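I opened my notebook to look at how two chains meet. I also wanted to see what sits inside.

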Amino acid sequence: MSLLMLITDNWYDIRDLGNVSHEILYQLDRVLPYSLVYIIAALMGFVASFLIFVLPSQLFVGVLGERKIIGRMQSRYGPNRVGKFGLLQPIADAIKLIQKEALTPKAADKAVMYIAPIVFVAPAVLLFAVVPFGGHSVFADIPVSIVYFIAISGLPVLAAFIGGWSHANKYSLFGSMRIVAMTISYEVPLVLSLLSVVLITGTMRLGGHDGIDGIVQWQRDYHIWLIFLQPLAFLIYFFCVSAELNRTPTDIAEAESEIVAGYLTEYSGMKWGLFYGMDIGYALAAAAFASTVFLGGWSMFGLDRWIPSWLIIIAKTHLFYFIFIWTRGTLPRLRIDQLMTFAWKFLLPLSLANLLVIATEKVIWNKATDGNFDNFWVYIFAAVNILLSVAAVFIWARLLGYRPEATPKRPRLVNTASGYVPIPAPSREVR
Amino acid sequence: MLHDYGQIGILVIISLIFPLGAVVTSWALRMVNVRPDVPSNPVMTDTYECGLRTEGPSLVQFNFRFYYIALLFVLFDVELVFLFPWAIIYDTMGWPGFFEGVGFIGILCLGILYAWRKGALEWR
């Protein structure tokens, strides 16, 4: 314990990178004017959050790791030619894209076509401004972080829309209309699920530390992750965000078997590369946000006293990103009518019901504890909410006409000399 | 607090420089003839249409359903903006605040029920 006291809150206390950066800024403040230190602080935040965490993750987890994992899921190797284990593949891709012939169709609106990738990339950088990597290492711990995140994450769809529209191409136009329709449909349940989080925690700040309220600090105080307290909100958030990311189970906006490449049809070279790279950036931002809100962020049930907080949040982000890759590698693409119906008829009523349940529980909690700190009711509500969520999902699916027993069972596979062949189900299962 | 918003303002400038750098590098490579300048075949700058010659106008009509979705989204998003302040001061309100919220969300539910009955949610 005394050893812990020795390093607490000093500049060499790397459990929270904020200590180091505060010390550097304090020393700079003694020799430089404040305005300059202010700009240096912003640059340091950008370097720390984006260039150290996001860009390497994007290149080596997003571009390389994702392709390798999906390759393994589909019984092939994935990229393994450039460098050892294909480690240089992202760099080779970047070099190829930047010197590639960039075509602009004659009919296209050239100015809009050049602006769209820039508008698409900028919000991805801005999103990481509010993700806390530790108690004090947040770029900007503003008190409306959740609203900020929702607002900024709505911008890339605008870029995708103007990009697709500017090509004057049928497939691009269809793709951009589809991505707008899908994103705004899933925006409503997403915001409702985050609203129930705001309702139970009573704050819109993401980070927080000892003495300042925030969603991570709330989860630290009550020793529970919001995924256990609000499983339904987490599920709704997960479905909505994976739809908005426009990845394979829900990538109707760039479905190559229907509309050539959607809003990316006429893009080539670096402009396409920016779209492709920042798709991964948005997936990482969504994973970081989800692990902050629902998985405790940089806290880990007291282990954050020993493990550096930024390692915890990076590990959680990549764990969540792996789930995105997993769904992408295993699920087939859905139709547009299925996706729209799922958003408006399934997720939206469930998220409204979830909001009402949380509101009721919050009033009961306030009456019972009378404003005092009390863990007991939180655990009661967690148990109740898990049961209610399972019941609500099954009952609502049944009311909408989904019959699990009517869907075909997966055929069992057996390994023979000529490969995998399905064997017929046992006779008692044949109706 | 304003301190933080100012830093986000600086980040906006950085975030615009970042993609501009990539596009400008690509443009500079064309200037030094690493990247091809003009397309080698004039057909390459035609509007893409599955390899065939482009016929007719390309900005074609599309499904009217997209407008229904957009209208429904506007209905819900405006209401959601008002629900965030309600969620923040909810602790101080007790049961009256709960029933005010239920009434507000009830109007929301009536809206979606009406749209459902009218068939605006069906994608045909």
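My entries on the interface, one threonine and the core follow.

**Ground rules.** I am working with a predicted model, where local features need pLDDT of at least 70 and side-chain atom pairs count only at pLDDT 80 or more, while totals for chains, interfaces and linings use all residues. Residues are numbered from 1 along each chain as its sequence is written, chains are lettered from A and ligands numbered from 1 in the order in which they are written, and side-chain values use heavy atoms, with hydrogens and water left out.

**Entry 1: the interface.** I looked up contacts first (heavy atoms within 4.5 Å). Chain A brings 83 residues and chain B brings 69 residues. I then took the buried area, the accessible area (1.4 Å probe) that two parts lose on being put together, summed over both. For chain A and chain B this is about 6,800 Å², with 79% of it on carbon and sulfur atoms. A:Y38, A:K170 and A:W344 supply 10% of the area that chain A buries against chain B, more than any other three residues.

**Entry 2: charges across the gap.** How many salt bridges does the rule find across the interface? It finds one. The rule asks for a side-chain nitrogen of Lys or Arg within 4 Å of a carboxyl oxygen of Asp or Glu. A:K362 pairs with B:D91, and their closest N and O atoms are 3.3 Å apart.

**Entry 3: which helix gives the most.** Helices here are DSSP runs (H or I, at least four residues), numbered from the N terminus. Several helices of chain A give two or more residues to the side that touches chain B, among them helix 3 (34-73) and helix 14 (336-369). Helix 14 of chain A gives the most, with 17 residues.

**Entry 4: A:T250.** I found A:T250 in the loop between helix 11 (231-244) and helix 12 of chain A. Is A:T250 buried or exposed? A:T250 counts as buried because its relative accessibility is 8%; buried means under 20% relative accessible area, exposed over 50%, partly exposed in between (1.4 Å probe, protein chains only). A polar atom of the A:T250 side chain lies 3.1 Å from the backbone oxygen of A:S242. Leaving out residues up to four places away in sequence, A:T250 touches A:M182, A:S242, A:A243, A:L334 and A:L339.

**Entry 5: the core.** A nonpolar core is a set of buried Ala, Val, Leu, Ile, Met, Phe, Trp, Tyr and Cys residues joined through side-chain atoms within 4.5 Å. The largest one has 145 residues. Helix 8 of chain A gives the largest share, 16 residues.

Definitions and conventions
A polar contact is a pair of N or O atoms within 3.5 Å; within protein, one must be able to donate a hydrogen and the other to accept it, and residues adjacent in sequence count only if both atoms are side-chain atoms.
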